[in-house]
Amino acid sequence: MKLHEQSQNLGLRIVTIQVVAFILLAVLGVRLYYLQIVRGEHFQERAENQRIRLIPIPAPRGAIFDRNGNILVDSRPTFNIVISKEPLKTIDTDERIPEYSRGLSLEPQVVTERLNAINKQTDFETLILKDNASMQDIAWVEAHSLEYPELRVELQPQRFYPHGKYMAHILGYVGEISPKQLESERWAGLRPGDIIGKGGLEEYYDEFLRGRPGYRKVIVDSRGRIQSEIEVVPPQAGQDMVSTIDLDVQMAAERQIENSASKRGTILAMDSRNGEMLAMASQPSFDPNIFVQGSKTREGRKQIAEYWQDEERPLYNRAIQGRYPPGSTWKIPMSVGGFQSGAMTESSNAFACGGGIQIGSKFTKCMGNHGTPTLIPAISRSCNGYYYRLGLKMEIEGIIDMIETFEYDRRTGIDLPNEKIGQTPKSWRPIVEKREGRWPDIRTVYASIGQDTVVVTPISLIRTISAVGMFGRMYVPHFLKEFRPIVGTEHFDERPGFGFQRPEPKIIEMTPGQQKMIAQGMADAVTGGTARVVNIPGFDVAAKTGTAQDGDPKAGRKDHAWIVTYAPAFNPEIAVIGLIENVGFGGTHAGPAVKGVYEAYLAKKNPQPAEPTEVAKR
């Protein structure tokens, strides 16, 4: 009986074992199917990646030239110390901080930031640990290649600005893309550590200046060391840009501000016939090379911090971001507005000066008593009383119409980022009427001479002055002359060349007679009025000076000195304006600065014959 029961149990056990074995084999088979068939391609690719690496080859950015082919911005080869993500996965990176800091002369804070950044990236990514490495840095990395396989030396292009702080506000600089920028659609496709333009033309035209990186496909060993190279795809450089800048005129403008009393201000020069900017100097300025080369060093960070804290505001582009009362230079657009509003005509344009005007209990002075001048002497003598009465006759609505005509209520459209818009009675009127119950006449009087509720940017003012000289043709100011094409390759598409997409100029309504009267007034200001300092024999300049109050005169701050000009007076080809901050009279300070720019322009236009050599003399 027992033998029979045991034989029955043995059979049950065998069946049980067979079932369990079948289940285990089925599970194993499903798992093998999943790994081999379903995820097979993934694991094959992963295994391949552990053996083959793609090492990016950075592309040099396009160079920037002036209109005559002089180099303004270039890229130069430099050695960088690069760190790889993969070898760090099995390392306590905190232990590396003091070692890298000591070996590469880096601040621990910088090393920590770079290690945190690389740890957030995906496998096989790289990041620059130190750029512009010295021979000592390179020797240290090579000597510790077995100890620190995550480090290697790479030859990469680095942006270089040969003229230092000159033109910094036009050109901008480059730097690593920020975490916030990485979230923007504009920078889609870029990775942490990529270099982009920041400020100036570098930022505005970054898409075209930035090159397309290539790569090296290499085989590495288990420690990430390169064993052999399989393929090299060369990068495609960025497109070269030819700007409208004339380097000689630009440098003359820079030196004029440097030699001014306050050394603060801006000078702009524009081709009146098409809006091409020949020069835009704004000082104080900064050295863009500091932002490129020194942001990871103690000295560089200190210099950048000083720029931000400097009360002189060297990072501030006064030409497109500065908002200043235009003072008497405002009388030129006011003259156009006077005609357009019907407040005066070509045959009837005399207003009494009266030495000033009485509004309520307040008497607002002129600089003298000019009798009852017509428009031409009113401009040449800069008669405030004339414009007080012209403004009152135009009424504030007429002044606002003029503001809209010359587009002071919007950006000029210049191809630079961060342009500001002026503030005028158009923007102030709702605020004043809410606060004071009405728009008082005294504010119209002040607005008529470019004070109180009027502040404009220098770029908007040169656009106006140039348009007046060009019989109302108002162009968009711009720096782009051309982007040169790049031929396509096996790996990269062709990049076609192109020029500035210049819109048709806005036409300001002026009759030839009205334009001639304003031009004559400005020409007379040069030959016998307030702008005599820019009188250049053989080259007729039309000009208007301005001396604009900066805040409360009792506070002790001197006035801003202005001058706006174009030349030749009756067939203009160039407009030049100058603003020197807090120095006093426009004719005394801004006038000589602008004259210096004209002299540089004329020296190029009419070069003096070279001295004959001794051989030629013989």
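Which residue does Glu-276 meet in a salt bridge?

1. The partner is Arg-67, at 3.0 Å from N to O in this predicted model. The pair ties together distant parts of the chain, 209 residues apart. Glu-276 lies in the loop between strand 11 (265–271) and strand 12 (277–283), and Arg-67 in the loop between strand 2 and strand 3 (71–84). Glu-276 is buried at 5% relative accessibility. Arg-67 is partly exposed at 25%.

2. Arg-61 and Glu-202 form another salt bridge, with their closest N and O atoms 2.9 Å apart. They are separated by 141 residues. Arg-61 sits in the loop between strand 1 (52–57) and strand 2 (64–65), Glu-202 in helix 8 (residues 200–204). Arg-61 has 10% relative accessibility, so it counts as buried. Glu-202 is buried too, at 0%.

3. Asp-409 pairs with Lys-426 at 2.6 Å, N to O. Asp-409 is in the loop between helix 15 (384–405) and helix 16 (425–436), and Lys-426 is in helix 16. Asp-409 is partly exposed at 24%, and Lys-426 is partly exposed at 32%. The structure holds 33 salt bridges.

4. Now the helix packing. The axes of helix 10 (residues 247–258) and helix 20 (residues 586–605) come within 9 Å and cross at roughly 160 degrees. The two helices are therefore roughly antiparallel. Their crossing is right-handed. Helix 10 contributes residues including Ala-252 and Ala-253; helix 20 contributes, among them, Gly-596 and Ala-600. The contact residues divide into 8 nonpolar, 2 polar and 2 charged.

Terms used. Residues numbered from 1 in each chain as written. Predicted model: local features only at pLDDT ≥ 70, side-chain atom pairs only at ≥ 80, totals over all residues. Heavy atoms only, no water. Axes fitted to C-alpha atoms, helices over the stretch in contact; angles between N-to-C directions. Helix = DSSP H or I, 4+ residues; strand = E, 2+ residues; numbered from the N terminus. Parallel < 35°, antiparallel > 145°, perpendicular 65-115°, else oblique. Left-handed = near helix turned anticlockwise from the far one by under 90°. Contact = heavy atoms within 4.5 Å. Nonpolar A, V, L, I, M, F, W, Y, C, P; charged D, E, K, R; others polar. Salt bridge = Lys/Arg side-chain N within 4 Å of Asp/Glu carboxyl O. Buried < 20%, exposed > 50% of the residue type's maximum accessible area, 1.4 Å probe, protein only.
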